[in-house]
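Q: Hey, could you walk me through this one? I'd like to talk about surface patches and charge pairs.

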Amino acid sequence: MKDSIARSLKEGSDLRLKMAETMSAEIAAAATAIAEAFKAGRKLLLFGNGGSAADAQHIAAEFMNRFLIERPPLPAIALTTDTSVLTSIANDYAFDEVFSKQVKALGKKGDVALGITTSGSSVNVLKALRAAKKLGMATIALTGEGGKAASLSDIALQIPSRSTPRIQEAHIAVGHILCDLTDTILFKDVGKR
């Protein structure tokens with residue numbers, strides 16, 4: 001068991017070091033896009049399935065409430081939380097439409113859509129990213145290696161791994177970094193925490 005634990009932790013730490021070398025520019029671009037949208041009075045829409053749905057909700061909560069500093073709430077909405085909306089769209093249309101219909105209803109030009117998909121291939125996430133682009137929203141994909149989400153996005157945050165658990169662990173780390181950088185850009189006093 002100790003070897004298994006050590007292997008998992010080492011895989012995660014090695015992946016984070018690789019991300020630091022290969023993803024810093026993209027993460028900074030994503031945080032800048034989110035901060036600029038908030039500065040302009042726009043909002044962030046987040047969505048994904050399963051663990052990615054939980055990550056969407058987690059990141060939205062960090063923006064809406066606070067991350068590390070006391071600051072005004074920031075308009076971030078997880079499209080994964082309203083069971084009546086999700087089940088009515090899935091029932092009346094298709095599960096593939098559960099996020100795209102919400103993006104069409106809530107999204108406006110200048111908003112940001114952040115789609116989270118470990119595989120990069122979740123059809124409902126891909127459709128929502130396409131819908132966001134048609135509306136003139138900035139699009140960010142938080143994915144692993146592979147899939148089409150990265151090519152459908154203005155900014156692709158591709159975790160350099162194919163291991164689902166390691167990708168999911170890295171996704172929440174990136175989410176926290178986005179919150180911290182956004183706060184830094186908007187409020188300039190994150191270092192005083």
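Q: Which residues form the positive surface patch?
A: Lys104, Arg130, Lys134 and Lys148 form that patch. Keep in mind that this is a predicted model.

Q: Where does Lys148 sit, and is Lys148 buried or exposed?
A: Lys148 is in the loop between β4 (138-143) and β5 (155-158). Lys148 counts as exposed because its relative accessible area is 53%, and the cut-off for exposed is over 50%.

Q: Nice. What about a nonpolar patch on the surface, which residues form that?
A: That would be Met1, Ile5 and Leu9, with about 410 Å² of accessible area together.

Q: And where is Met1 found?
A: Met1 is in the segment before α1 (2-22). Met1 is exposed, at a relative accessible area of 85%.

Q: Switching to charge pairs: how many salt bridges does a search of the whole structure find?
A: Eleven. One of them joins the side chains of Asp111 and Arg42, at 3.0 Å from N to O.

Q: Which parts of the chain does that pair link?
A: Distant ones: Asp111 is in the loop between α5 (100-106) and β3 (112-117), while Arg42 is in the loop between α2 (24-39) and β1 (44-48). The two residues are 69 residues apart.

Q: Are those two buried or exposed?
A: Asp111 is buried, at 0% relative accessibility. Arg42 is partly exposed, with a relative accessible area of 23%.

Q: What does Arg71 form a salt bridge with?
A: With Asp183, and the closest N and O atoms are 2.7 Å apart. Arg71 lies in the loop between α3 (51-64) and β2 (76-78) and Asp183 in helix α7, so the pair ties together parts that are 112 residues apart in sequence. Both Arg71 and Asp183 are buried.

Q: Last topic: what does the side chain of Ser161 reach?
A: The backbone nitrogen of Ser163, at 3.0 Å. Ser161 is in the loop between β5 and α7 (164-187), and Ser161 is buried, with a relative accessible area of 11%.

Technical notes: Residues are numbered from 1 along each chain as its sequence is written. This is a predicted model: local features need pLDDT of at least 70, side-chain atom pairs count only at pLDDT 80 or more; totals for chains, interfaces and linings use all residues. Side-chain values use heavy atoms; hydrogens and water are left out. Patches are made of residues with over 30% relative accessible area and no salt bridge: like charges are joined within 9 Å, nonpolar side chains (Val, Leu, Ile, Met, Phe, Trp, Tyr) within 5 Å. Accessible areas come from the Shrake-Rupley method with a 1.4 Å probe; for residues, only the protein chains shown count as cover. A salt bridge is a side-chain nitrogen of Lys or Arg within 4 Å of a carboxyl oxygen of Asp or Glu. Lys and Arg count as positive and Asp and Glu as negative; His and the chain ends are not counted. The place of a charge is taken as NZ of Lys, CZ of Arg, CG of Asp or CD of Glu. Helices (H or I, at least four residues) and strands (E, at least two) are DSSP runs, numbered from the N terminus. Buried means under 20% relative accessible area, exposed over 50%, partly exposed in between (1.4 Å probe, protein chains only). A polar contact is a pair of N or O atoms within 3.5 Å; within protein, one must be able to donate a hydrogen and the other to accept it, and residues adjacent in sequence count only if both atoms are side-chain atoms.
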